[in-house]
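My notes follow in the order in which I checked them.

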Amino acid sequence: MADEHDRIDEQSSHFVSAASLRVRLDWFNKLRWGAAGCILLATLLADRVIDNELVQAPLLGVVGVLLVLNLAYVVRNRRVPPRNIRVELRHVKMQMVGDLVALTVFLNLSGGIENPLLYMYILHVIIASLLFKGREIFQIAWLAIVLFTADVAGEYFGFLPHHHLHSVGDLTHEVPFILMTLASFYLVLLFSAYIGASIMKHNRAIKDELVVRQQALIAADRAKMDFFRFVTHEIKSPVSTAQSAVETALELGAARMAPAVEDMLSRAVGRLELAGEMVRNLADFTRGGDLGAENMGEVDLNRLIARTAEDLHELASRRRITFELDLPGSPVTVVSSRSMLEKIIQNLASNAVRYNRDGGQVRIALKSADGGLKLEVADQGIGIDPADQDRIFEEFYRTPAAQEMTNMGTGLGLPIVRKFVKQLGGQVSLHSAPGRGSTFTVTLPFPSSGGERAGEGPPPRSPSVSAEAGS
Ligand code: ADP
């Protein structure tokens, strides 16, 4: 499994795949045949065309080396199937280093800095930027810089021989020189344009593909939501009917029941409670939008938090868990969706109780922060492994530690929290370590004072404060 992931990461972090890289390599091989041919022609015709006798033997040597290397590359491309992007890229890098060295030797033999073909270094860097990532691109650029500087300095200081491209006169008035300079300038420009256009074409294709996939994902998500909604609707009343029937049977017939039957019915009530909880959570999860629209109004967050703590008091006191509320002195009244805020606070607070240690503490704090409000719900419980900290916001995910602690849980509370917080324009974050408790922090973009912003704020369900937020 790990191997599979490594392979996918390795492949997807590069812009090209091993197979598409091969196609480009074939293309580079053709370019190299062309370059070797041009050097050969220039060497043979130089004295006739530009009245300049080039050092033929070493230049022909460069051509020979290029041809042999290129043949080896072509044979490899045909024989070895493209499997691993890393191996392929290593080959490209080797080829590029070879090409840069060959270009430098060629330039040294044909005028050094006088030779306008020095633009060809740029092409290599452009190609490198298409194939490699970050540091590797700069490695190629630096290699080109070092090689050419070494040649220029070597020729200047006399360590390397300087072969004049032209032996007499002012080069800027020599037509062949001007033509060659312009030709290499055009080549670099056109090649750059071609590369830019092909990158954009590739990017556009990727973007189109992403849009199509995103639409498919949105459609799948909608279908999932519709399914949840349908299931929730269909099982809601059978579950509550069954629960009240079993509870009534227990109440009325407990005295006459065999203990085994009573025990069975009590467990059935427990299971039906869990199923009811799941149905309620699913209903919240699938009806988020409606909840916001239906329940807009003034909400006193201080009161809401205090009431939630009261509601959880019985459950908490069974395990000697205490609440500490750190709330602003004056009421914090916001205009927002009461139901959404209620669900956010309830889910976080009830998790802080359920996953706390016996005798632990739940601390709920409300503060103003960065022009908004910050709600913190902290416990001293089992904590959450870093590897699980993203996953707990996924639907139905429960950590192994939580499953071991209690089977009463649906894995829908936090997805609901995240969804509602997002709909209110806020964010939820988590600090936790296994065995050392958890702190969930919700920031909400409610202005920290005054009602002047009522009706403003993030659409569609803009929360706003209609009285002093205090703190
Ligand atoms: P559940 O109904 O299982 O509590 P939630 O969506 O509310 O569903 O939480 C998902 C999971 O996140 C939980 O099952 C638990 O593993 C973990 N979790 C949530 N809150 C806490 C917390 N305060 N401490 C430790 N684990 C938590």
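I began with the largest cavity, which is lined by Leu301, Ile305, Leu341, Ile344, Ile345, Leu366, Leu375 and Leu444. A cavity here is a set of points on a 1 Å grid over the protein atoms alone where a 1.4 Å probe fits but cannot get out, and lining residues have an atom within 4 Å of a point. I noted that α10 (301-317) and α11 (338-354) are the elements that give two or more residues to this lining. The largest share, three residues, comes from α11. Helices (H or I, at least four residues) and strands (E, at least two) are DSSP runs numbered from the N terminus.

The model is predicted; local features need pLDDT of at least 70, side-chain atom pairs count only at pLDDT 80 or more, and totals for chains, interfaces and linings use all residues. Residues are numbered from 1 along each chain as its sequence is written, and side-chain values use heavy atoms, with hydrogens and water left out.

I sorted the cavity lining by class and got eight nonpolar, no polar and no charged residues. Nonpolar covers Ala, Val, Leu, Ile, Met, Phe, Trp, Tyr, Cys and Pro; charged covers Asp, Glu, Lys and Arg; the others, Gly among them, are polar. The volume of the largest cavity is about 50 Å³, taken as the space filled by probe spheres set on the points, which are joined across faces, edges and corners. I recorded two cavities of 30 Å³ or more.

Next I turned to the ligand. I found 21 residues around the ligand, the closest being Arg354, Tyr355, Arg398, Thr399 and Leu414; a residue counts if one of its heavy atoms lies within 4 Å. By class the shell divides into ten nonpolar, eight polar and three charged residues.

I then listed polar contacts (pairs of N or O atoms within 3.5 Å). A polar side-chain atom of Asp379 is 2.8 Å from a ligand nitrogen atom. On the backbone side, a polar atom of Thr410 lies 2.8 Å from a ligand oxygen atom, and one of Gly413 lies 3.0 Å from a ligand oxygen atom. The ligand taken alone exposes 520 Å², of which the protein buries 98%, by the Shrake-Rupley method with a 1.4 Å probe. The elements giving two or more residues to the shell are α11, α13 (413-423) and β7 (438-444). α13 gives the most, with three residues.

Last, I checked Phe323, which sits in strand β2 (residues 322-326).

Note on methods:
On a 1 Å grid over the protein atoms alone, a cavity is a set of points where a 1.4 Å probe fits but cannot get out, and a pocket is an open set with protein on both sides within 12 Å along at least five of seven lines; lining residues have an atom within 4 Å of a point. A polar contact is a pair of N or O atoms within 3.5 Å; within protein, one must be able to donate a hydrogen and the other to accept it, and residues adjacent in sequence count only if both atoms are side-chain atoms.
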